[in-house]
Amino acid sequence: MKKIVILDFDGTIADTKPVILNTFHRTFDAMHLPQHSDEEIAATIGLPLVEAFPVLEPMDKEKAAECTATYREIFEDVNREIGVPMFPHVADTLRQLHAKGCTLTIATSRGYKSAADFLRSFALDDIITLIVAAEDVRHAKPDPEPVLKTLKHYHLQPEDAIVVGDTHFDILMGRNAHCMTIGVTYGNGSRQSLIEAGADAIVDDFAEIAPLIEL
């Protein structure tokens with residue numbers, strides 16, 4: 001059995017897409033920027049915000065930082081209005097894996113406080129023992145740094161780990177760290193994008209992950 005599972009958050013554990021899209025649209029308005037389609041915005045999910053905004057609209061680093069700060073302020077309001085649910089079978093499956101001795105961690109492009117607050121609200125903070133967030137790395141997904149930092153923290157090797165995510169950014173991050181990868185199809189990425197990124201396994205339901213991790 002693999003010793004550690006390194007999980008993406010947005011689109012893997014929690015259905016944040018409606019809140020993210022709404023927040024982006026409100027941020028564009030607040031910053032007096034042109035609007036973009038839901039599809040264009042969704043394609044940037046998985047990137048740090050300071051990288052996502054320049055993909056959508058040409059801007060310098062200062063403008064991207066300003067957009068990011070505005071987004072984070074608006075996000076809190078939108079989250080209170082809409083709310084973020086966990087995907088089916090996530091909590092039960094994670095508790096099952098934890099009970100069998102798996103270390104569970106998060107590697108996310110979300111800010112640390114936001115990720116930690118969500119895990120607390122989902123009552124998962126007792127079993128997920130490490131969050132590597134946007135501000136914890138110099139190089140974000142698909143760079144392997146978030147995974148390598150996690151492995152170093154626990155003194156583990158790539159062969160001890162499985163990386164689970166919903167986008168090609170997650171799969172490439174895991175592959176670049178030489179770990180096994182599992183893609184989930186219910187999040188923000190397509191099955192085709194997960195296949196093209198080279199996922200070792202692809203599942204439609206989070207519950208299907210448990211037997212794969214016992215390989």
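The following exercises, each with a worked solution, concern a predicted model of a protein chain.

**Exercise 1. Overall form**

Determine how the radius of gyration of the protein chain relates to the value for a compact globule, and describe the chain's composition and extent.

Solution. 
Step 1. For 215 residues, a compact globule would have a radius of gyration near 17 Å, and the protein chain has 17 Å, so the two agree.
Step 2. Taken along the principal axes, the C-alpha atoms fill a box of roughly 50 × 30 × 30 Å.
Step 3. The chain comprises ten helices and six strands.
Step 4. Of the 215 residues, 53% count as buried.
Step 5. Among contacts with a separation of 6 or more, 65% come from residues 24 or more positions apart.

**Exercise 2. Surface and charge**

Solution. 

**Exercise 3. Aromatic pairs**

Classify the pairs Phe 9 with Phe 122 and Phe 28 with Phe 53, and locate their members in the chain.

Solution. 
Step 1. A search of the whole structure finds eleven aromatic pairs.
Step 2. In the pair of Phe 9 and Phe 122, the ring centres are 6.3 Å apart and the planes make an angle of 20°. Planes under 30 degrees apart count as stacked, and this pair is therefore stacked.
Step 3. Phe 9 lies in the loop between strand E1 (4-7) and helix H1 (17-30), while Phe 122 lies in the loop between helix H6 (112-121) and strand E3 (128-132). The pair links distant parts of the chain, 113 residues apart.
Step 4. Phe 9 counts as buried because its relative accessibility is 0%. Phe 122, with a relative accessible area of 13%, is buried as well.
Step 5. For Phe 28 and Phe 53, the centre-to-centre distance is 6.0 Å and the angle between the planes is 85°. An angle over 60 degrees counts as edge-to-face, which is therefore the class of this pair.
Step 6. Phe 28 belongs to helix H1 and Phe 53 to helix H3 (residues 49-56), so the pair ties together parts that are 25 residues apart in sequence. Both Phe 28 and Phe 53 are buried.
Step 7. Phe 9, Phe 24, Phe 28, Phe 53, Tyr 71, Phe 75, Phe 118 and Phe 122 form one aromatic cluster.

**Exercise 4. The setting of Arg 110**

Decide whether Arg 110 is buried or exposed, and identify the residues that it touches.

Solution. 
Step 1. Arg 110 is found in the loop between E2 and H6.
Step 2. Its relative accessibility is 11%, and Arg 110 therefore counts as buried.
Step 3. Not counting residues up to four places away in sequence, Arg 110 touches Phe 9, Asp 10, Thr 16, Ile 20, Phe 75, Ala 115, Phe 118, Ala 133, Ala 134 and Glu 135. Of these contacts, Phe 9, Phe 75 and Phe 118 are members of the aromatic cluster.
Step 4. The C-alpha atoms of Arg 110 and Gly 46 are separated by 8.2 Å, although these residues are 64 residues apart along the chain.

**Exercise 5. Helix H8**

Identify the buried residues of helix H8 and elements that cover them.

Solution. 
Step 1. In H8 (residues 168-176), Phe 169, Asp 170, Ile 171, Met 173 and Gly 174 are buried.
Step 2. The cover includes strand E2 (103-107), helix H7 (145-154), strand E4 (161-165), strand E5 (180-184) and helix H9 (191-197).
Step 3. Just after H8, His 178 takes a positive phi of about 65°.

**Exercise 6. Backbone exceptions**

Describe the backbone at His 32, at His 89 and between Lys 141 and Pro 142.

Solution. 
Step 1. Most residues other than glycine have a negative phi, and most peptide bonds are trans.
Step 2. His 32 has a positive phi, near 55°, and is placed in the loop between H1 and helix H2 (38-42). With a relative accessible area of 73%, His 32 is exposed.
Step 3. His 89 also has a positive phi, near 70°, and is found in the loop between helix H4 (61-82) and helix H5 (90-99). At 41% relative accessibility, His 89 counts as partly exposed.
Step 4. The peptide bond joining Lys 141 and Pro 142 is cis, with omega about 10°. Pro 142 is in the loop between E3 and H7.

Key:
Residues numbered from 1 in each chain as written. Predicted model: local features only at pLDDT ≥ 70, side-chain atom pairs only at ≥ 80, totals over all residues. Heavy atoms only, no water. Phe/Tyr/Trp six-rings, centres within 6.5 Å; stacked < 30°, edge-to-face > 60°. Helix = DSSP H or I, 4+ residues; strand = E, 2+ residues; numbered from the N terminus. Buried < 20%, exposed > 50% of the residue type's maximum accessible area, 1.4 Å probe, protein only. Rg over C-alpha atoms; globule rule 2.2 N^0.38 Å. Contact = heavy atoms within 4.5 Å.
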